[in-house]
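Have it open while you read, as I jump about a bit.

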Amino acid sequence: MKHTATRTRSMVYCALFTALIAVGAFIRVPVPVVPFTLQYLFTMLAGLLLGPRLGTIAVGTYVLLGLVGLPIFTQGGGFWYVFQPSFGYLIGFCVGTFVTGWLAQRLGQAGKNTVGRYLLANLAGLAVVYAMGMVYYYIICNYVINTPIALWPLFLYCFLLAVPGDLCLSVLGAVLVKRVKPALSHTALGRV
């Protein structure tokens, strides 16, 4: 019975973060090429609060729901979205969430969880998101949809213009988790 309750609780938290990521896609600031959204904040929090496995399941569920046609991505949904140059960032969210959660767990085992350790985990996950997003963007533009982009414009539009907001979200996420996680450790979320 206890196993069933834990499993149900885990599914509910995964669904909650899947919904938050979907909502985060529509809270956006228009930036050329890759819009700034709150998706990264919620994917990062999924990794930090749910851990690498459940956090990645939540983000993967979001991506799968968008690919089957729910209009929950920043520019709609459907399988055709894999041909959007920005789809690599969605793949990066999955891997970045795992990295963030895994690293946060490892750093937490090494000692007391601090804002600095959460921030380090967030920045590692962010690096994965941008690396995957930019590589995918370059490949899709240059070899699939025939809209070539050189390395400097790629770096400018897909990194330099977009990363300052995500760096701020990384700091915000680290501070939020540091304050919220101790309170949640006494609730069901702390036992996910």
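1. Ground rules. This is a predicted model, where local features need pLDDT of at least 70, side-chain atom pairs count only at pLDDT 80 or more, and totals for chains, interfaces and linings use all residues. Residues are numbered from 1 along each chain as its sequence is written, and side-chain values use heavy atoms, with hydrogens and water left out.

2. α3 against α4. Helices here are DSSP runs (H or I, at least four residues), numbered from the N terminus. Helix α3 (residues 87-110) packs on α4 at an angle of about 155°, the axes being 7 Å apart. Axes are lines fitted to C-alpha atoms over the stretch in contact, and angles run from 0 to 180 degrees between N-to-C directions. The two helices are therefore roughly antiparallel (the cut-offs: under 35 degrees is roughly parallel, over 145 roughly antiparallel, 65 to 115 roughly perpendicular, the rest oblique). α3 passes α4 in a right-handed crossing, meaning that the near helix is turned clockwise from the far one by less than a right angle.

3. α2 against α4. Helix α2 (residues 39-67) meets α4 at about 125°, with 11 Å between the axes, so α2 and α4 are oblique to each other. Their crossing is right-handed. On the α2 side the contact is made by Y40, M44 and L48, and on the α4 side by Y118, A121, N122 and L126 (contact means heavy atoms within 4.5 Å).

4. L67. This residue is in helix α2 and counts as buried at 17% relative accessibility (buried is under 20% relative accessible area, exposed over 50%, partly exposed in between, with a 1.4 Å probe and protein chains only). What does L67 touch, not counting residues up to four places away in sequence? The contacts are F73, G78, F79, Y81, V82 and F87. L67 and F79 are 12 residues apart in sequence, yet their C-alpha atoms are 4.6 Å apart.

5. N142 is found in helix α4 (residues 115-144) and is buried, at 16% relative accessible area. Leaving out residues up to four places away in sequence, N142 touches P148 and I149. N146 is in the loop between α4 and α5 (151-160) and counts as exposed at 62%. Have a look at its backbone: N146 has a positive phi of about 55° although it is not a glycine. Most residues other than glycine have a negative phi.

6. Aromatic rings. Rings of Phe, Tyr and Trp (its six-membered ring) pair if their centres lie within 6.5 Å; planes under 30 degrees apart are stacked, over 60 edge-to-face, the rest tilted. The count comes to 10 aromatic pairs. Take Y138 and Y143: their ring centres are 6.4 Å apart and the planes are at 75°, so this pair is edge-to-face. Y138 is partly exposed at 26%, while Y143 counts as exposed at 61%. Elsewhere, ring pairs link Y62, F73, W80, Y81, F87 and Y136 into a cluster.

7. For C158, the nearest is that of C141, at 7.5 Å, and C158 is buried at 0%.

Terms used: A disulfide is a pair of cysteine sulfur atoms within 2.5 Å.
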